Amino acid sequence: VQLVESGGGLVQPGGSLRLSCATSGFTFSNYAMTWYRQPPGKEREFVARISTITSMTKYADSVKGRFGISRDNARSTVYLQLNSLKPEDTGLYYCRGGPDDDWGQGTQVTVSS
């Protein structure tokens, strides 16, 4: 099982990024996928989750209305669209999922002017 995040970077407040998590080694369409983040000096926290067939979504209150999670089962990839970014969105963003709830290595998002 592999989960590989990409798409992070440095962005100004109010900007946007699109994160990707490419997976392999399991039947992607069978599993819900989740994004987490770890701000500097803080605990890892839940960001967003997407279910399987119905693609129902759930978001942390802090990102609701600004972030969007989606999935492409044909590409075994889950995405996180980050809009209206704030400095407090800075952190290492991880995806998680699969039969053993594995983690990716993370991608860094830094929001700063």
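Trainee: Is Arg75 buried or exposed?
Mentor: Buried means under 20% relative accessible area, exposed over 50%, and partly exposed in between, with a 1.4 Å probe and protein chains only. Because its relative accessibility is 60%, Arg75 counts as exposed. Arg75 lies in the loop between β7 and β8, strands here being DSSP runs of E with at least two residues, numbered from the N terminus. Its C-alpha atom is separated by 27 Å from that of Asp89, which is 14 residues apart along the chain.

Mentor: A word on provenance: this is a predicted model, in which local features need pLDDT of at least 70 and side-chain atom pairs count only at pLDDT 80 or more, while totals for chains, interfaces and linings use all residues. Residues are numbered from 1 along each chain as its sequence is written, and side-chain values use heavy atoms, with hydrogens and water left out.

Trainee: Which residues of the largest nonpolar core touch the most other members?
Mentor: In soluble globular proteins, nonpolar side chains tend to be buried together. A nonpolar core is a set of buried Ala, Val, Leu, Ile, Met, Phe, Trp, Tyr and Cys residues joined through side-chain atoms within 4.5 Å. Here the largest has 25 residues, of which Trp35, Val78, Leu80 and Tyr93 touch the most other members. Strands that each supply at least two residues of this core include β4 (33–38) and β8 (77–82).

Trainee: How many bridges pair β4 with β5?
Mentor: Two strands pair if DSSP finds at least two bridges between them; β4 and β5 have five, in the antiparallel sense, with Thr34 opposite Arg49 in β5.

Conventions:
Helices (H or I, at least four residues) and strands (E, at least two) are DSSP runs, numbered from the N terminus.
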